[in-house]
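Thanks for coming, everyone. Let me put the structure up on the screen, and then we can walk through it together.

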Amino acid sequence: MSVFDRMKSFLFNEEAADVRPARRTGTGTAPHLRVVAGNAQLPRKIQAGNLQMIGLQAVRDALGDEWPKRRDTIHNIVEGVIRDRVDAGDTHFHLENDDYLVLFVQLNHAQAKAKAAAIAQEAERLILGELPEHAIRISSSVAEVNSDFLSSKVNSMDELLQHVKTGGTEASDAAGGASGDVLLFGDEPVHDGFADTAQPRPAPMLGAGPDLTDLDQSLTSLFQKKTSAAFLKECQASFYPNFSTRRRAFSFYTVHVTHMPTGRAADARDPMLEDPEELEFLLDRYRLTTALLGLHRMVTGGYKGFISIPVSFATLATSRSRNIYLDRFKDLPAGLFRSLSIVITNIPNGTPSSRIADAFNYIQRFCAVRILDIGPDARLIDLYAQTGCQGFATSLPTAIADPAMRFQALSAFAKRAAWHKMESILWNVSDATELELGINAGFSFVFGDAVAPQIATPGHRQALRFDHIPQRAATA
């Protein structure tokens, strides 16, 4: 039985289930197709699958004669990234040309492209860390194929790989251009080539319904809960430089944790989480550990600045979680507390100021600056001004659609903070319009992608620039 037939029988539960994947030999030569992960049985009814092709040709070309020596290291990196990213039911294959084929079973095409991009970027970043003397980029292609098309109309592994590399365009010719056989890279169906002058409304895409036996079947394999540990494996931490609009300098560096598959800031809003409260607490500890490691790099590297550490109010409000969280500060010399700033976030609506003051009393000896993150409402500043904080942070009021009303709300927030002689910080400034809005509203600090990129070491300003930041507030 050919390798390709074995793969089809593995994917679609056909005969020859007793075939086992070959082991990698000590010589470093991989067989034509080698299953190295994701050996769980897949459901019999597979409507479509998304395949990612990871090509290492650019890495081989860049290394040249060094490739044989570096090959095992590169493969360990790539395989480790893939194993951390794939879900239950997914699998990946190591091909004889040192490339990889990854099958995403439970993701739609948009989700598969996002995860494929995350896999390629992380592998590239880790490879560059191993080989800093080279400028290397790895290639990644994604295509969606119908299971009938894969099992009946693709006759060789080369045809399948070519289909993935071209995003699903060439394989459609081999299939006779049958509509619905292949989906293109942009989720567009391949048509049969005849012009349709009437342009009828496309029929809805309907999947097969459940069988009688499915009515009592457990759905645990379909709705798989995600543990906090699995979520944290998908996260990466860095620091956002905060720009002072008055001092014209970067002085604060806020810890930021990104959930790589989604590209959003990590939080406990994932509906598949097994325990959202546990994840929120672990994210607070994740940010704290990141901050302390960054503090060590900043101090030993001779840099200066303040590190801002966001922590949720729930962590500080409960004695058990608070003791675990604050116990980490006891490992630090007291002199380093002068370089730390703590930002209390996720304050429930209606929280009395006395409880906020208690939270600040617990943390004040471990930091030099205390910030309160609240909604863009100036009345909240009056409510919490006497709690012991030294500044207020807020995000753009996205619920306000009118730009004039949005500016009015931000301006009132910044002015009220200044009236109480406190600093005002605007989070997550993502574009030039939002940056100009924050500057003109009078905020003391702004940070986000529009201000400066995320960096790995606080205080390291090589990647920071000042030319794109407005010099002064624009006049009306």
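This is a predicted model: local features need pLDDT of at least 70, side-chain atom pairs count only at pLDDT 80 or more; totals for chains, interfaces and linings use all residues.

R379 is exposed, because its relative accessible area is 65%, and exposed here means over 50%, buried under 20%, and partly exposed in between, with a 1.4 Å probe and protein chains only. R379 forms a salt bridge with D377, and their closest N and O atoms are 2.9 Å apart. By salt bridge I mean a side-chain nitrogen of Lys or Arg within 4 Å of a carboxyl oxygen of Asp or Glu.

Residues are numbered from 1 along each chain as its sequence is written, and side-chain values use heavy atoms, with hydrogens and water left out.

Back to the salt bridges. How many salt bridges does a search of the whole structure find? The search finds eight. One of them joins K330 to D327, with the closest N and O atoms 3.6 Å apart. K330 is exposed at 57%, while D327 is partly exposed at 41%.

Now look at K226 and E234, whose side chains meet in a salt bridge at 3.4 Å, N to O. Buried or exposed, what is K226? K226 is buried, with a relative accessible area of 18%. E234 is buried too, at 7%. K226 and E234 are also linked with D270 in a network of salt bridges.

For those of you who think about cysteines, a disulfide is a covalent bond between the sulfur atoms of two cysteines. The rule used here asks for a pair of cysteine sulfur atoms within 2.5 Å, and by that rule the count is zero. C367 is buried at 7%, and C389 is buried at 7% as well.

Next, the pocket. Rolling a probe the size of a water molecule over the atoms shows where empty space is left. On a 1 Å grid over the protein atoms alone, a pocket is an open set of points where a 1.4 Å probe fits, with protein on both sides within 12 Å along at least five of seven lines, and lining residues have an atom within 4 Å of a point. The second largest pocket has a volume of about 1200 Å³, which is the space filled by probe spheres set on the points, with grid points joined across faces, edges and corners. It is lined by 46 residues, and the closest to its centre are D267, E280, T345, N346 and D373.

Which element gives the largest share of that lining? It is α9, with seven residues. Helices (H or I, at least four residues) and strands (E, at least two) are DSSP runs, numbered from the N terminus. Other elements giving two or more residues include β8 (249-259), β10 (306-312) and α13 (378-384). The lining divides into 22 nonpolar, 15 polar and nine charged residues; Ala, Val, Leu, Ile, Met, Phe, Trp, Tyr, Cys and Pro count as nonpolar, Asp, Glu, Lys and Arg as charged, and the others, Gly among them, as polar.

Let's finish on α9. Its 25 residues should span 36 Å at 1.5 Å a residue, and its end C-alpha atoms are 36 Å apart, which agrees; the expected span is 1.5 Å times one less than the number of residues. After α9 comes G302, whose phi is positive, near 80°.
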